[in-house]
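Here is a friendly walk through one structure, from an aromatic pair to the cores, the sheet and the charged contacts. Please keep the viewer open as you read.

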Amino acid sequence: MQTKPAQPIRVYNSPFSGHCHRVRLLLSLLDLPHEVIDVDLRGGENKQPAFLARNPLGQVPVIEDGDVTIYDSNAILIYLALSYDDGTWMPRQPVAAATVQRWLGLAAGPIYYGPNLARLAALFKAPVDHAQAQAVATRLLDAMERELTGKDFALGSRPSLADVAAYAYVARAPEGGVALEPYHNVRGWLARVEALPRFVPMMAVGGR
């Protein structure tokens, strides 16, 4: 494990993407030098040969750490934690590691298909079933509310990759028409993530 990269890590980014935000957030929490490069998704920059050489799926985020290129936001989180952390953010203890993996699964599943798609439908007119996405988001938040009872973070008293991966789209759920007011535990968890040293916010559409 290194303490710092030999040179700033390059992050290919979209400022309104929660997938990208989780990568920028972990880089900041780990205090790793990095350079953010915004990709013009609307202009199709992500479909050009230069970008497809980094990620053949044409998606952000992508990082370049020296001669290592990694895409997929959850894969990037794992890479950064194993490369530059001492086990705080990606614990090695079996139950804690399994809990983190389960939350990474939430990020790729219900969080993606719930608050993320609801937000895409409301803000960007994505061709998805908005009502179905809102229903998925509500079931997710109901489950998170129960799981976070008596806990500061996903693992209990300390933050981990689980919180980093889940934060952005849950925090932005109201942009998709999903209210957070009924979820006291979820709102407390969001506030504790936002209070972490070197927390960086996700840009809201319209600059809010």
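Y167 is buried, at a relative accessible area of 6%, where buried means under 20% relative accessible area, exposed means over 50% and partly exposed lies in between (1.4 Å probe, protein chains only). This is a predicted model, in which local features need pLDDT of at least 70 and side-chain atom pairs count only at pLDDT 80 or more, while totals for chains, interfaces and linings use all residues. Residues are numbered from 1 along each chain as its sequence is written, and side-chain values use heavy atoms, with hydrogens and water left out.

The partner of Y167 is F199, and the two rings form an edge-to-face aromatic pair, 5.4 Å centre to centre with 85° between the planes. Rings of Phe, Tyr and Trp (its six-membered ring) pair if their centres lie within 6.5 Å; planes under 30 degrees apart count as stacked, over 60 as edge-to-face and the rest as tilted. F199 is also buried, at 18% relative accessibility. The pair links distant parts of the chain, with Y167 in helix 7 and F199 in the segment after helix 8, 32 residues apart. Helices (H or I, at least four residues) and strands (E, at least two) are DSSP runs, numbered from the N terminus. A search of the whole structure finds 4 aromatic pairs.

Now to the cores. A nonpolar core is a set of buried Ala, Val, Leu, Ile, Met, Phe, Trp, Tyr and Cys residues joined through side-chain atoms within 4.5 Å. The largest one has 56 residues, and I63, L80, W103, V186 and W189 have the most contacts inside it. Strand 1, helix 1, helix 3, helix 4, helix 5, helix 6, helix 7 and helix 8 each supply at least two residues of this core, and helix 7 gives the most, with 9 residues. In soluble globular proteins, nonpolar side chains tend to be buried together.

Leaving aside neighbours within four places in sequence, L80 is in contact (heavy atoms within 4.5 Å) with I9, L26, L27, L30, L32, I63 and D85. Another core lies apart from the largest one, with 7 residues, among them Y12, I37, F51 and V60.

A81 is found in helix 3 and is buried, at 1% relative accessibility. Not counting residues up to four places away in sequence, A81 touches L26, M90 and L161. By contrast, the C-alpha atoms of A81 and P127 are separated by 35 Å, with the two residues 46 apart along the chain.

What does helix 8 pack against with its buried residues? Those residues, N185, V186, G188, W189, L190 and V193, pack against helix 4 (94–108), helix 6 (130–147) and helix 7.

Strand 1 and strand 3 pair in the antiparallel sense over 3 bridges, and Y12 stands opposite V62 in strand 3.

Finally, the charged contacts. A salt bridge is a side-chain nitrogen of Lys or Arg within 4 Å of a carboxyl oxygen of Asp or Glu. By this rule the count comes to 8, including these:

| Salt bridge | N to O distance |
|---|---|
| E64 and R10 | 3.8 Å |
| R119 and E175 | 2.6 Å |
| R172 and E175 | 3.5 Å |

Salt bridges that share partners join R10, E35, R54 and E64 into one network. E64 lies in strand 3 (residues 62–65) and R10 in strand 1 (residues 9–13), so their pair ties together parts that are 54 residues apart in sequence. E64 is buried at 16% relative accessibility, whereas R10 is partly exposed at 32%. For the pair of R119 and E175, both ends are buried: R119 at 1% and E175 at 13%.

Terms used:
Pairing = 2+ DSSP bridges.
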